Amino acid sequence: MTLFSRISALVLVLLLTPQLQAQVPDPATVLDRMIAAYGGEENLRKLDNAVQEWDMVAMMSKRHGTDVRHIRIPGQLMVELTYPQKVERRMLEGDTALVSFNGDHPYPATDPQRDAMRLQLMRLYSPLVLRDRIANITLTMEGELCALTLEEHGVRADYLVNLDTWRIEKVAGTLNMGGQGMRFLTEYSDFEFIDGVLVHRKENKFAGNVNTAMLSLKNLRFGSALEDSGPAN
């Protein structure tokens, strides 16, 4: 390559670098756009205290059941999974994690169970909650999607955002399973405004490359999610 060619290539890189950097937005801009797309701050706060009821199909066994989530952000979550032959309840409050089966007395969760509950709670973080944690969020691009990455208590969640709609289309979580990282992916679809806030009505779940469950939103209630049935009870 001649000296002239090298100088021309360097000039081209210098000219293109600001344009390439401009294509990657900063976390604050992305989160502000997301908050607006989801209905604004006042509406998004409704998601911090809510009950979600889902119809669920376990893909491996084709069992049908329900998934009921009692949510109170920032640190409380109770999930009740009901199948024809089994009821599992998972309860998280701060650092306390409990599980019970078929109505038995709750007992302390194992470390992997507790981390799975923490990941499930992180998946329920709205763009407004993520903005409150912006100091701990990093941003990268994964293809055409923007990845907002948050780590809490050793659990990592990547919120994959469509920059055309400013919606979270996927959440990828990474847990330490037996000394190795295990990736859990949830895909979101069928978005709709309910009481002024944008929510997804379909979830498709994967553990590694295995499609584990598909869920459809049956009901959503805002307010007083854990007053009568929280993890402390």
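Two strands are said to pair if DSSP finds at least two bridges between them. Strands (E, at least two residues) and helices (H or I, at least four) are DSSP runs, numbered from the N terminus. With that in hand, in S2 the bridge partner of Glu53 is Val68.

This is a predicted model, in which local features need pLDDT of at least 70 and side-chain atom pairs count only at pLDDT 80 or more, while totals for chains, interfaces and linings use all residues. Residues are numbered from 1 along each chain as its sequence is written, and side-chain values use heavy atoms, with hydrogens and water left out.

- Strand S1 covers residues 49-58 and strand S2 covers residues 63-72, and the two pair in the antiparallel sense over 10 bridges.
- Between S1 and S2 lie four residues, and the two strands form a hairpin. In that turn, Lys62 has a positive phi of about 60 degrees.
- S2 also runs antiparallel to strand S3 (residues 76-83), and seven bridges join them.
- Look for His70 here: its bridge partner in S3 is Met78.
- The link from S2 to S3 is a hairpin through three residues.

- Val79 has Arg90, in S4, as its bridge partner.
- S3 is joined to S4 by a hairpin through two residues.
- S4 in turn is joined by six bridges to strand S5 (residues 96-101), and these two run antiparallel.
- Opposite Glu88 you will find Phe101 in S5.
- S4 and S5 make a hairpin with two residues between them. Gly94, in the turn, has a positive phi of about 60 degrees.

**Around Asp115**

- Now move to helix H4 (residues 111-123), where Asp115 has its place.
- Why does Asp115 count as buried? The reason is its relative accessibility of 14%; buried means under 20% relative accessible area, exposed over 50%, and partly exposed in between (1.4 Å probe, protein chains only).
- Which residues does Asp115 contact, leaving aside its neighbours within four places in sequence? They are His153, Val155 and Leu175, where contact means heavy atoms within 4.5 Å.
- Asp115 and Leu175 are 60 residues apart along the chain, and their C-alpha atoms are separated by 6.9 Å.
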